Structure formats: structure tokens, C-alpha cells
Amino acid sequence: RTDAIAALVRQAISAAKSGQKVGLAETPDYPEELIAAMEIDPELQEAFDDLTPGRQRSYLLHFLQAKQSATRASRIEKARAKILSGKGFNEY
């Protein structure tokens, strides 16, 4: 294990010295249902904007996995309390 970790560290140092940059993952588009919910509920929008980018992304991916609009809207409503409390999708 330590040999593998040391190899990864050497690889990371080499990449940093060569000037390689790590690209950030693109943020998924906001579903229409979330945009509508935020327009109706400014508190939800403020709380969602205050989440870390990773937490925002996990919620967006969860919402977008639903194929039907009604399911997306339901997921958003169910997640509202957690979003307002600043918790991520997988946090309790």
C-alpha cells in the first residue's frame, strides 16, 4: 500500500511541476422544477446557493436522475428541509 501511495504522490508532484491543471467537473444544468421552486421560495434559493459546490452537484444529479417532471418536483420538495439546514444529499 505505501508503495502505491508513494507512487501516486510522485506522480502528483511530477504533474504539478510540469504545470498540468486538473479540470473541474462541469456543474449539471438546473432542472426547470428547481428553478421554479427557487422563484417561488427565495429562502430555498439562498440556502441552495450557500451549499458547497459538491453538495449542490449531488442534489442536481439526484434531481436530474428522475425522468418525469412530477418525480423531480417531488424530490426537490423532499430535499427542501435538508437544503435549508445546509446538509448535503447523503448527509443525515
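**View 1. Asp 50 and Asn 90, two exposed residues.** Asp 50 sits in helix α3 (42–50). Helices here are DSSP runs of H or I with at least four residues, numbered from the N terminus. This is a predicted model: local features need pLDDT of at least 70, side-chain atom pairs count only at pLDDT 80 or more, and totals for chains, interfaces and linings use all residues. Residues are numbered from 1 along each chain as its sequence is written, and side-chain values use heavy atoms, with hydrogens and water left out. Asp 50 has a relative accessible area of 59%, so Asp 50 is exposed. The classes are buried (under 20% relative accessible area), exposed (over 50%) and partly exposed (in between), with a 1.4 Å probe and protein chains only. Asn 90 belongs to the segment after α5 (69–84). Its relative accessible area is 61%, which means that Asn 90 is exposed. From C-alpha to C-alpha, Asp 50 and Asn 90 are 17 Å apart in space. In sequence, 40 residues separate Asp 50 from Asn 90. Between Asn 90 and Ser 69 the C-alpha separation is 22 Å, at 21 residues along the chain.

**View 2. The salt bridge between Glu 33 and Arg 72.** The whole structure holds 4 salt bridges. The term requires a side-chain nitrogen of Lys or Arg within 4 Å of a carboxyl oxygen of Asp or Glu. In the pair Glu 33 and Arg 72, the closest N and O atoms are 2.9 Å apart. Glu 33 is in helix α2 (residues 32–40) and Arg 72 in helix α5, so distant parts of the chain, 39 residues apart, are linked. Glu 33 and Arg 72 are both buried.

**View 3. A salt-bridge network of Asp 41, Glu 43 and Arg 80.** Asp 41 meets Arg 80 at 2.7 Å, N to O. This pair also links distant parts of the chain, 39 residues apart: Asp 41 is in the loop between α2 and α3, Arg 80 in helix α5. Arg 80 forms a salt bridge with Glu 43 as well, with the closest N and O atoms 3.5 Å apart. Glu 43 lies in helix α3 and Arg 80 in helix α5, so the pair ties together parts 37 residues apart in sequence. Shared partners join Asp 41, Glu 43 and Arg 80 into one network. Asp 41 is buried because its relative accessibility is 16%. Arg 80, at 25%, counts as partly exposed. Glu 43 is partly exposed too, at 48%.

**View 4. Helices α4 and α5.** Two packed helices are described by the angle between their axes and the distance between the axes. The axes of α4 (residues 53–65) and α5 come within 8 Å. They cross at roughly 155°. Axes are lines fitted to C-alpha atoms over the stretch in contact, and angles run from 0 to 180 degrees between N-to-C directions. The two helices α4 and α5 are therefore roughly antiparallel, a term for angles over 145 degrees. The crossing of α4 past α5 is right-handed: the near helix is turned clockwise from the far one by less than a right angle.

**View 5. A nonpolar surface patch.** Ile 5, Val 9 and Ile 13 form the patch. Together they have about 260 Å² of accessible area, from the Shrake-Rupley method with a 1.4 Å probe, where only the protein chains shown count as cover for residues. Patch residues have over 30% relative accessible area and no salt bridge; nonpolar side chains (Val, Leu, Ile, Met, Phe, Trp, Tyr) are joined within 5 Å, like charges within 9 Å. Val 9 is part of helix α1 (residues 2–17). Val 9 counts as partly exposed, at 43% relative accessibility.

How values were computed
Parallel < 35°, antiparallel > 145°, perpendicular 65-115°, else oblique.
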